[in-house]
Amino acid sequence: MIQIADIHTVFSVGKITLKNNLRYSTVQLFVIRLLLLILLPLAARAQFTYTLDQSVPVEVNGAALLNPWAGGLNSAQVNSIDLNGDGQQDLVVYDKMASKVSTFLAVNKTYVYAPKYESLFPPEINTFLILRDYNCDGKKDLFTFGQIGIYVFQNTTASGQPLSWKKITFYNPGGTTRSEVLLTTGFSGKINLLPGSNDFPNLKDMDGDGDLDVLNMRFVSPSTAEYHKNFSMERYGRCDSLDLERQTQNWGGFEECSCGKIAFGETCVQLGGRTEHTGGKALLSLDMDNDGDQDLVFSEETCSRLYYMQNTGTAALPVVNNFTLFPGSSPTGIIYYPAGYLEDVDFDGKTDLIASPNLYARVQPENNFQQSLWLYSNTGTNQLPNFTLVKNNFLQETMIDVGDQSAPTFADLDQDGDDDMIIGRYIDANRRGTLSYYENTGTARSPAFSWITDDFLGISFLNNINISPQFVDFDGNGAVDLMFSGTDILTGKTEIFYALSKSASKPSYGGQEVQTLNFSLGTNENFFATDVDLDGKVDLLVGRSNGALEYWRNGGTSLSLLN
């Protein structure tokens, strides 16, 4: 039987008014409370504004993090540009997984997170972000993926003014309107220059004539590389245009067969394999041997390595006939799909190599997104580079970054009057989900956090991943208990667990077994524990992967779903 609750309060939210002495069923009461949660923020919108606050300090092992609240990075594409007009090259990082641009200012040979510049970039950025000066005006322009090709945004920033961009259109002799995407001349006239939807193309002066060319894997049968030559210099005598013509669909004479298997001067069938028709590809060219032509660094979606192919031909007639793991001293071991980027990030005037996974999303438990920016410092010269591995958490080491799908919550665990921070981690380097604990060593009004452990309460022993915690007084004794969801890495089953505080005066969870609520969730589903019907017992709200929101009422001995 559904219980009845009295309401003796008047609320007015927009057009909804609840009057005194009305009686509602438990389910109706829940719906009303949910509406209030949704509508109250709308009614109060004029009174509240929110800004990013980077001032709360965070320490790890006694050292202050430079960018604790930068938000972490997973699959990072790294570019440099002068964001604030001070003459220094700052960093723009596009996280492909998050579809987010992050901006960092170069300050005293470090990079300081500066989110105010992020809104200056075009909202159309998708799949890749490449900054190159295509019109030789000294300002880097922007290239990104469109559904039918590559969008080009010209950098129109005036001196002393904020960054600004203009979307470029291209003359299309066969159409009635100008094209929104970059064009090239193919076998039958002008066509869209279309990379694969998960590819990272190479934009570089491939022939040494001073203008920007394009090298990308073929869109159809993407096992060979297309070369699109820019004729700006030849036709206009200046490098201010993108007048592209496809020269070949087999640059260098190689064909990718599968991960780590490449045919040179023959087909994959002749090599005894088959052509790789699917999966993203990333290209990066550089002159590693200082012989005046571009060599190639290649990677593929199912591989964890970068492959270096030396151009033993010329800029005009490139030839590649073997590959080696790259860089030779410490090859990348990123699971999966590493892509390489060339920027001077250690302020020594020499171009360094950064490698990061070029993934849209997690594809394996082994994906390590806490250490996913590998920095190779150039210990050689710009003419003869030598890339030496320095760290695998470039920029990430300056921020709170526990990988992807983190789940933070707060509770006063040490009973000092302020909330501490606990972060549920999806997975750690040992393939186990854990809780990271940051103690609030400041105050409630002026918080400051200090890292304590990455395995709070040792819950890694459960061998679960996908940890999402919450603190709530589950047994009604006045002390906060720990509840969390986790996914068994072997079976894929997601359940809700809890650990009751052994003390009513101070949270204490040690010396006991973690118990299960015997309540199953989907891997990507969430729960929230709260007393919905105000009967003194903790109920569950469950967000399902199909968009449904379920209310499970706590009857004292079992949970029942109310419709």
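Tyrosine 336 lies in the loop between β26 and β27. Strands here are DSSP runs of E with at least two residues, helices are runs of H or I with at least four, and both are numbered from the N terminus. The structure is a predicted model, in which local features need pLDDT of at least 70 and side-chain atom pairs count only at pLDDT 80 or more, while totals for chains, interfaces and linings use all residues. Residues are numbered from 1 along each chain as its sequence is written, and side-chain values use heavy atoms, with hydrogens and water left out.

The peptide bond from isoleucine 335 to tyrosine 336 is cis, with omega near -5°. Another cis bond joins phenylalanine 326 and proline 327, where omega is about -15°. Proline 327 is placed in the loop between β26 (324–326) and β27 (338–343). Asparagine 108 has a positive phi, near 50°, and is not a glycine. This asparagine sits in the loop between β9 (100–107) and β10 (110–113). Most residues other than glycine have a negative phi, and most peptide bonds are trans.

The protein chain is assigned a domain 1 (69–398) and a domain 2 (407–552). Such bounds come from an automatic or database domain assignment. The C-alpha centres of domain 1 and domain 2 lie 41 Å apart. At the interface, 6 residues of domain 1 are in contact with 7 residues of domain 2, contact meaning heavy atoms within 4.5 Å. About 540 Å² is buried between domain 1 and domain 2, and carbon and sulfur atoms give 61% of this area. Trp69, Arg362 and Pro365 supply 63% of what domain 1 buries against domain 2, more than any other three residues. Buried area is the accessible area (1.4 Å probe) that two parts lose on being put together, summed over both.

Across the interface of domain 1 and domain 2, the rule finds 1 salt bridge. A salt bridge is a side-chain nitrogen of Lys or Arg within 4 Å of a carboxyl oxygen of Asp or Glu. Glutamate 366 forms a salt bridge with arginine 431, with the closest N and O atoms 3.6 Å apart. The residues on the side of domain 1 that touches domain 2 divide into 2 nonpolar, 2 polar and 2 charged. Here Ala, Val, Leu, Ile, Met, Phe, Trp, Tyr, Cys and Pro count as nonpolar, Asp, Glu, Lys and Arg as charged, and the others, Gly among them, as polar.

By the same rule, the salt bridge count comes to 23. One of these pairs aspartate 243 with lysine 190 (3.9 Å, N to O). That pair links distant parts of the chain, 53 residues apart: aspartate 243 is in the loop between α2 and β20, and lysine 190 is in strand β16 (residues 189–192).

A search of the whole structure finds 3 disulfides, each a pair of cysteine sulfur atoms within 2.5 Å. One of them joins cysteine 136 to cysteine 239 (S to S 1.9 Å). These cysteines are 103 residues apart and link distant parts of the chain. Cysteine 136 is in the loop between β11 (129–132) and β12 (141–146), and cysteine 239 is in the loop between α2 (232–236) and β20 (244–248). The link of cysteine 136 and cysteine 239 is left-handed, with -135° about the S-S bond.
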